[in-house]
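I opened this notebook to record, entry by entry, what I looked up in the structure.

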Amino acid sequence: MRLVTIYGSPSPPGKLARALGLLEAGVRDRHPGWEVERIAPAETIDPVTATWPADAVDKVAAADAVVIASPVFRGSITGTLKLLLDTLPVEALRSTPTAVLTVAAAPHHCLAAERHLRDILTWFGALTAPNGAFFVDRVFGAEDVQADVLGELAELADEVVVLAERL
């Protein structure tokens, strides 16, 4: 089985990347037989010119489960992530278990990007996990990530993996 994670930030890897890495490591540790692959835009100094790998669409379409990770930019997902979603054919996510992970600088952004992603995923016909995960970015700035944060990441990963296994 194959989990594809999508790193939806145009910025160089930081706190969101750390959160996604912890989720990916948890899947590898707790779910033998699962292969995990991250798709990320090419690193660039100018986020407006960020591009996705040529095989990104094929990798998403071939996934058994997907986790979409996005920072909250101006109350929504990034334009970079939207660019990838706009290139996916509907079939790429139809009936695919999909989870949403968002990270923002302030707690009042907790549902902003997730709400937008859920609407988009509904249009695709994705099987969106009932619970998303939102974190304030500072929790990933500390050297040691708190146990409750690691637990929430594990729950999100387990939710989408178990859903895929049961289909």
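Before looking at packing, I noted that contact means heavy atoms within 4.5 Å. I also noted that helices (H or I, at least four residues) and strands (E, at least two) are DSSP runs, numbered from the N terminus.

This is a predicted model, in which local features need pLDDT of at least 70 and side-chain atom pairs count only at pLDDT 80 or more, while totals for chains, interfaces and linings use all residues. Residues are numbered from 1 along each chain as its sequence is written, and side-chain values use heavy atoms, with hydrogens and water left out.

Entry on helix H1. I then listed the buried residues of H1 (buried means under 20% relative accessible area, with a 1.4 Å probe and protein chains only), and they are Leu16, Ala17, Ala19, Leu20, Leu23, Glu24, Gly26 and Val27. These buried residues pack against strand S1 (2-7), S2, strand S3 (65-71), S4 and helix H5 (147-166).

Entry on histidine 31. I found this residue in the loop between H1 and strand S2 (35-39). Is histidine 31 buried or exposed? Histidine 31 counts as buried because its relative accessibility is 11%. Leaving aside residues up to four places away in sequence, I saw that histidine 31 touches Gly26, Asp158, Val161 and Glu165; Gly26 is also among the buried residues of H1.

How values were computed: Buried means under 20% relative accessible area, exposed over 50%, partly exposed in between (1.4 Å probe, protein chains only).
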